[in-house]
Amino acid sequence: MNGFLRWYRWGLGMKYHMGIYTVGLIFCKGVVNALMGEYEVDSLTMLEMLIGSLLFASAETALFPGGLDQPQPRGRTALWAALGNLLYVGGALALGWFRGIPLWGGLVLILILEAGLFAMWFGINVAMQADTADLNRRLRDYQQE
Amino acid sequence: MKITVDQTGGEEVEVILRCREVDEEVLRLLALLRSGLQRLCVWDERRQTVLLNPAEVVWCETVEDHTFVYTDQALYQTGLSLGELESRWGDLGFFRAGKSAVVNLHQIRSLKSCGGRIEAALPTGERLMVSRHYAPLLRQRLGQEGSV
C-alpha cells in the first residue's frame, strides 16, 4: 500500500509538468501547422509529444527527487537542460514533428525551447529562492518582535 | 512606548498600563496580555484535560469536525473551532493557513515559496502548505509589500 501511495504521489507531481510540456509542444505544433496552411494536428503526433513529455517529466523527477523548487546542483541542472534538448530536438528530428519547416523556423523553435527551459530554471532557482529568502527574513523579524 | 519592569518581591505579577488615552496600541497590548494569559483547554487520547499555554501550540487542524492541536511533543483535541482559535490567539501568532489548518507563526522553522503557495516547515517535522487563498494574507502578515 505504501509503495502504491508513493507511486501515486510521484504521479501527481510528475503529470503536472508533463501536462505543461505537452501543451507547450502541441501549441507550437499548432502554430507551425497554421502558418503552413494546415489547420489540424495529427493525433499520433500529439501522442508522441505526450510520450516525449512523459519521459522528460519522469527524468526530471529522478534528477530532482526533492522537487524542482529545491536548490539544485549545477551538474543536475545542466543534465536536465541537455535531456530536454535531446528529447525535444531529437524527437522532432526523429519523428518529424515539424516536417516541412524551413531551417530558420527550426532555429526559432529551438530558441523557444531554450528560452522556455531558461525561464523555468530562472523562475525556480532565482525568483522563488529570492522570495523564499525574503519570506524567511520577514518570519524571523516577526518572531523576534 | 516605555516598558519598566519593577521587581518588588510580591507574590502576584501585576501589570499596570499608564496611558494618556485608551488608543489602538493600548487595546492591542491589552488583547495580547489577555490572550497570553488565557489557557487553551485540550484533552489527550486518554481524555485527560490539559490547560495548554497557546505559545506551545505548533499547529491545529480539523478532521471531520474534530479539532486537533499539535505541540512539538504531543497531540491533543479541543472543543474550539479553528476560527475561534485564530480569533482568540491571532495576536499571539495564530494564523489560518488553510480551510482546515491554523499554524502558530512563532513555531514555524522556515518558509518556502512554491509559486502561489507557501510551504511551512514545522518543528514536528511536518510540512504544512499554506494555500493560494491564504498565502497572500501570510505575506501581508509578515509585512511583504504588495501582497494581497
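Reader: Which strand of chain B is T71(B) in?
Author: Quick housekeeping: this is a predicted model, where local features need pLDDT of at least 70 and side-chain atom pairs count only at pLDDT 80 or more, while totals for chains, interfaces and linings use all residues. Residues run from 1 along each chain as its sequence is written, chains are lettered from A and ligands numbered from 1 in the order written, and side-chain values use heavy atoms, leaving out hydrogens and water. Strands here are DSSP runs (E, at least two residues; helices are H or I, at least four), numbered from the N terminus. T71(B) belongs to the run at residues 66-71 of chain B, strand β4.

Reader: Is T71(B) buried or exposed?
Author: Buried means under 20% relative accessible area, exposed over 50% and partly exposed in between (1.4 Å probe, protein chains only). T71(B) has a relative accessible area of 6%, so T71(B) counts as buried.

Reader: Which residue's backbone nitrogen does the T71(B) side chain reach?
Author: Further along the sequence, the contacts of T71(B) (heavy atoms within 4.5 Å) include L52(B), Y76(B) and T124(B), once neighbours within four places are set aside. The side chain also comes to 2.9 Å from a backbone nitrogen, that of A74(B).

Reader: How much area is buried between chain A and chain B?
Author: The contact draws 13 residues from chain A and 20 residues from chain B. L135(A), R138(A) and Y142(A) supply 41% of what chain A buries there, more than any other three residues. Buried area is the accessible area (1.4 Å probe) lost by two parts on being put together, summed over both. Carbon and sulfur atoms give 49% of the total, which is about 1500 Å².

Reader: Which residue of chain A forms a salt bridge with R139(B)?
Author: The rule wants a side-chain nitrogen of Lys or Arg within 4 Å of a carboxyl oxygen of Asp or Glu, and it finds one such bridge across this interface. R139(B) sits 2.8 Å, N to O, from its partner, D131(A).

Methods: A polar contact is a pair of N or O atoms within 3.5 Å; within protein, one must be able to donate a hydrogen and the other to accept it, and residues adjacent in sequence count only if both atoms are side-chain atoms.
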